[in-house]
Amino acid sequence: MSLNIQSSSPRLYCITLEVKDVADNVRQARRFVLYDNSSFIETWKEKHFRFDSASAASNFLWQTHYSDICLSWHDFFINKFYLNSNLLNPIDPDPHGLMSGIYEQTHDPLSVNGTPNVHGIIKYYVSWKLNNYSFTTERLIPNFKNQSFCTKLNVTDGQTYTFNMRSVDIVNNTYNESRSLHIDRSPPFIFNMTLKKGSAVFVHNSTDLSKMQMTFDALDLRSGLRTIKWVFGLVDASTELSQGYLAVGHTQNVRFK
């Protein structure tokens with residue numbers, strides 16, 4: 001027996017087979033068929049696919065520790081048709097009680113008990129690479145409905161890891177998306193910090209602080225500097241007299257008047 005199934009949109013069909021013997025005993029079985037040649041996977045731009053283990057202050061691009069690398073992509077990959085339909089939900093049981101055991105479709109995919117999915121997606125694969133090396137072999141994400149993954153890698157400062165996530169939906173459509181993470185645990189350097197007045201370096205007490213200059217060098221070899229904050233105050237009373245921020249880059253000396 002062959003069926004010619006055609007539809008302009010995805011549909012779930014039920015095929016019921018009934019067999020009757022000479023003594024009029026009846027047995028029924030059914031199977032479900034999903035017809036879908038039009039849906040596809042895309043991304044939900046309002047959702048995040050990011051490294052939760054990275055610093056939020058760096059927009060989740062820099063990881064400042066050597067612990068696990070963790071990603072999450074809650075609702076980021078979607079098949080909009082299955083987002084808005086119930087075709088993969090549990091199916092009503094046989095009203096006559098004639099289908100049970102091997103005669104009912106109780107195994108995935110398209111189980112009578114429903115098909116576990118995330119908006120039509122039924123599995124994710126992850127792979128990664130270090131710097132410009134090749135990607136690892138894909139690994140199937142366990143507990144895919146959690147939409148998260150963590151792994152322990154031998155990370156060190158200066159490394160860049162790129163992770164690729166491949167989503168697969170109920171009809172085997174796929175969609176790939178990658179994110180990169182930079183490792184930097186080392187703090188910035190501050191050196192050559194001095195107070196000057198004219199050409200003299202001040203290393204002793206002075207009652208005249210007019211036109212005093214503070215000079216210093218600061219750098220970060222890995223991620224670069226983001227902000228530079230300075231504070232001028234009294235050491236004994238822990239009193240701040242003035243403070244401010246400098247733009248990162250080549251700056252002029254700061255003068256306190």
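**Exercise 1.** Which side chain of opposite charge is nearest to Asp-36, and how far away is it?

*Solution.* The model is predicted, with local features needing pLDDT of at least 70 and side-chain atom pairs counting only at pLDDT 80 or more, while totals for chains, interfaces and linings use all residues. Residues are numbered from 1 along each chain as its sequence is written, and side-chain values use heavy atoms, leaving out hydrogens and water.

Step 1. Locate Asp-36 in the loop between β2 (26–35) and β3.

Step 2. Take Lys and Arg as positive and Asp and Glu as negative, with His and the chain ends not counted.

Step 3. The nearest side chain of opposite charge is that of Arg-11, 11 Å away. Asp-36 is buried and has no salt bridge (buried: under 20% relative accessible area, with a 1.4 Å probe and protein chains only; salt bridge: a side-chain nitrogen of Lys or Arg within 4 Å of a carboxyl oxygen of Asp or Glu).

**Exercise 2.** State what the side chain of Asp-36 reaches.

*Solution.* Step 1. The backbone nitrogen of Ser-38 is reached at 3.1 Å.

Step 2. The side chains of Asp-36 and Tyr-82 are joined by a polar contact of 2.8 Å (a pair of N or O atoms within 3.5 Å; within protein, one must be able to donate a hydrogen and the other to accept it, and residues adjacent in sequence count only if both atoms are side-chain atoms).

**Exercise 3.** Is Thr-43 buried or exposed?

*Solution.* Step 1. Thr-43 belongs to strand β3 (residues 42–43) (strands are DSSP runs of E, at least two residues, numbered from the N terminus).

Step 2. Thr-43 has a relative accessible area of 9%, so Thr-43 is buried.

Methods:
Helices (H or I, at least four residues) and strands (E, at least two) are DSSP runs, numbered from the N terminus. Buried means under 20% relative accessible area, exposed over 50%, partly exposed in between (1.4 Å probe, protein chains only).
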